[in-house]
Amino acid sequence: MKINDTLPLEYRTEENSNKIFGFWLFLGAEIALFSTLFAVYFTLWNRTGSGPTGKELFEVGGVIWETFLLLTSSFTCGLGIHAMRLGLKKPMMIFFIVTLLMGLGFLGIEITEFVNYVHEGATLQTSAFLSSLFVLLGTHGLHVTMGILWGAGILIQVGRQGFTPETANKSFIFSLYWHFLDVVWIFIFSFVYMKGLM
């Protein structure tokens with residue numbers, strides 16, 4: 001295995017570079033998935049039937065908190081990668097823990113939001129609009145959940161093994177995934193919630 005010491009640790013082997021490239025290809029597939037979900041939502045957003053509209057359903061306070069937590073978690077994730085590149089294990093782990101805790105906070109608010117919707121009679125079966133909304137938000141929430149589990153696994157590996165080309169590569173790829181979820185959320189915030197509140 002050829003090692004290039006001039007590159008960041010996560011890129012130092014050809015295998016690691018290939019894994020990062022492969023993950024970019026995976027994110028391309030994820031873009032296709034979320035593009036399809038957005039297309040369905042945009043097609044059905046005004047098909048509310050007898051159910052509530054977005055304006056009647058959405059509460060801006062929770063959405064602002066979700067956005068704050070997720071976007072701030074992206075910043076702390078970036079700080080974690082920066083600490084990793086400086087060889088600072090403890091700060092990297094702290095930044096990743098903060099990232100995952102903010103992700104948990106985001107999920108807590110989203111789950112509370114879903115429960116409130118159901119208590120108001122807004123379910124998957126109520127209307128086409130709500131079906132597309134729940135599937136879009138639920139898919140993003142599932143991705144955040146998987147990211148939290150993945151990040152926790154990486155923290156365990158870094159805690160046990162320290163920084164190696166393998167743990168650095170996994171940490172960097174995780175950060176790409178987490179930033180991708182934030183970009184998707186910006187689209188959800190802008191084109192689902194803000195549009196729905198107008």
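Helices here are DSSP runs of H or I at least four residues long, numbered from the N terminus. In this predicted model, Ser175 sits in helix α6, which runs over residues 165-197. Ser175 counts as buried because its relative accessible area is 3%, and the cut-off for that label is under 20%. The side chain of Ser175 reaches back to the backbone oxygen of Phe172, at 2.6 Å. Leaving aside residues up to four places away in sequence, Ser175 touches Cys77 and Ile81.

Now for the nonpolar packing. The largest nonpolar core holds 50 residues, and Phe58, Tyr117, Leu133 and Ile188 have the most contacts inside it. Two or more residues come from each of α1 (14-44), α3 (60-85), α4 (89-119), α5 (128-161) and α6. Helix α6 is the top contributor to this core, giving 15 residues. As for Phe58, its contacts beyond four places in sequence include Tyr117 and Leu133, along with Tyr41, Phe129, Val192, Tyr193, Gly196 and Leu197.

Then there is the annotation. An unreviewed UniProt entry carries the label "transmembrane region" for residues 21-42, 62-81, 93-109, 129-156 and 176-194. What is the helix content of residues 21-42 in the model? That span is 100% helix and 0% strand, with its end C-alpha atoms 31 Å apart. Residues 129-156 come out as 100% helix and 0% strand too, and here the end C-alpha atoms lie 41 Å apart.

Terms used. Residues numbered from 1 in each chain as written. Predicted model: local features only at pLDDT ≥ 70, side-chain atom pairs only at ≥ 80, totals over all residues. Heavy atoms only, no water. Buried < 20%, exposed > 50% of the residue type's maximum accessible area, 1.4 Å probe, protein only. Polar contact = N/O pair within 3.5 Å; in protein donor to acceptor, adjacent residues only side chain to side chain. Contact = heavy atoms within 4.5 Å. UniProt positions renumbered as here; feature names shortened; annotations may be inferred. Core = buried A, V, L, I, M, F, W, Y, C linked by side-chain atoms within 4.5 Å.
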